[in-house]
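Reader: I have a structure open and a few questions about it. Can we go through the packing and the rings?

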Amino acid sequence: MSANVLVAEDDEKQAELIRRYLVHDGYAVTVVHDGPTALDETVKRPPDLLVLDWMLPGLDGLEICRRIRATGDMPILMLTARSTEDDLLLGLDIGADDYMTKPFRPRELVARVRTLLRRTRQQERPEEVLLKAGPLTVAPDRHEVAVNGRPVNCTPSEFRLLSTLVAAPERVFTRAQLLHCITDHGRAVTERTVDMHMVNLRKKIEISPRRPVLLLTVHGVGYKLSRGRRDV
């Protein structure tokens with residue numbers, strides 16, 4: 001079955017170009033041109049992936065992304081004319097899984113979509129596998145995370161990072177190693193991207209994000225996942 005992709009882009013010419021390339025690659029595509037309609041579509045007919053323009057009339061892409069992330073982990077590819085590193089980090093901070101600056105090559109966008117969807121579907125395995133470290137449990141087959149049994153909602157990128165860390169508790173990973181887990185196509189991003197994801201993960205799995213006991217910084221090197229205490 002082909003994946004359903006929602007394209008939210010106010011530039012009708014750009015939206016049609018994206019639609020044609022995605023359809024040619026075998027995807028079922030719905031196109032909308034404003035923020036409220038985009039958000040309504042994600043609720044009424046949730047797509048497998050959302051291609052989301054930053055600057056949409058009525059409701060911008062950042063707010064749409066925030067609202068989606070409050071309830072689910074739909075893969076989101078953000079499109080924007082903004083190109084600074086701070087803009088990139090802002091997009092990742094509110095939950096975007098990938099980020100493309102305009103102008104971009106349509107074939108690269110299709111490749112990014114394909115990669116995000118493949119990662120989402122790679123959770124299918126013949127047997128249930130649970131990764132555990134202290135109070136933290138990760139279920140790769142179901143794309144679920146829990147701390148002491150409490151469900152934690154993670155974006156696909158956050159999930160990949162956490163899965164890498166929980167599979168090797170107490171092992172120190174460099175930022176470069178962790179960046180490799182979430183980066184494709186040679187994107188020009190920096191290791192600050194990893195730091196931003198770690199800040200977000202601490203907000204979700206730590207009792208006190210400023211005094212973490214699970215997701216620890218190893219100064220001058222990177223990060224590790226401590227087994228912590230059972231009552232964290």
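Author: One term to begin with: a residue counts as buried if its relative accessible area is under 20%. Also, this is a predicted model.

Reader: Fine. Is Tyr99 buried or exposed?

Author: Tyr99 is buried, because its relative accessibility is 7%, and the cut-off is under 20%.

Reader: How many aromatic pairs are there in the whole structure?

Author: A search of the whole structure turns up 1 aromatic pair. Its members are Trp54 and Tyr99, arranged edge-to-face, with 6.5 Å centre to centre and 85 degrees between the planes.

Reader: Where do Trp54 and Tyr99 sit in the chain?

Author: Trp54 is in the loop between strand E3 (49–53) and H3, and Tyr99 is in strand E5 (residues 98–101). They are 45 residues apart, so the pair links distant parts of the chain.

Reader: And Trp54, buried or exposed?

Author: Trp54 is buried, at a relative accessible area of 3%.

Reader: Switching to helices. At what angle do H2 and H3 cross?

Author: Helix H2 (residues 35–44) and helix H3 (residues 61–69) cross at roughly 20 degrees, and their axes come within 10 Å. Angles under 35 degrees count as roughly parallel, so H2 and H3 are roughly parallel to each other.

Reader: Left-handed or right-handed crossing?

Author: H2 passes H3 in a right-handed crossing.

Reader: Which residues meet there?

Author: From H2, Gly35, Ala38, Leu39 and Thr42; they meet Ile64, Arg67 and Ile68 of H3. By class, the contact has 4 nonpolar, 2 polar and 1 charged residues.

Note on methods. Residues are numbered from 1 along each chain as its sequence is written. This is a predicted model: local features need pLDDT of at least 70, side-chain atom pairs count only at pLDDT 80 or more; totals for chains, interfaces and linings use all residues. Side-chain values use heavy atoms; hydrogens and water are left out. Axes are lines fitted to C-alpha atoms, for helices over the stretch in contact, and angles run from 0 to 180 degrees between N-to-C directions. Helices (H or I, at least four residues) and strands (E, at least two) are DSSP runs, numbered from the N terminus. Angles under 35 degrees count as roughly parallel, over 145 as roughly antiparallel, 65 to 115 as roughly perpendicular and the rest as oblique. A crossing is left-handed if the near helix is turned anticlockwise from the far one by less than a right angle, and right-handed if clockwise. Contact means heavy atoms within 4.5 Å. Ala, Val, Leu, Ile, Met, Phe, Trp, Tyr, Cys and Pro count as nonpolar, Asp, Glu, Lys and Arg as charged, and the others, Gly among them, as polar. Rings of Phe, Tyr and Trp (its six-membered ring) pair if their centres lie within 6.5 Å; planes under 30 degrees apart count as stacked, over 60 as edge-to-face and the rest as tilted. Buried means under 20% relative accessible area, exposed over 50%, partly exposed in between (1.4 Å probe, protein chains only).
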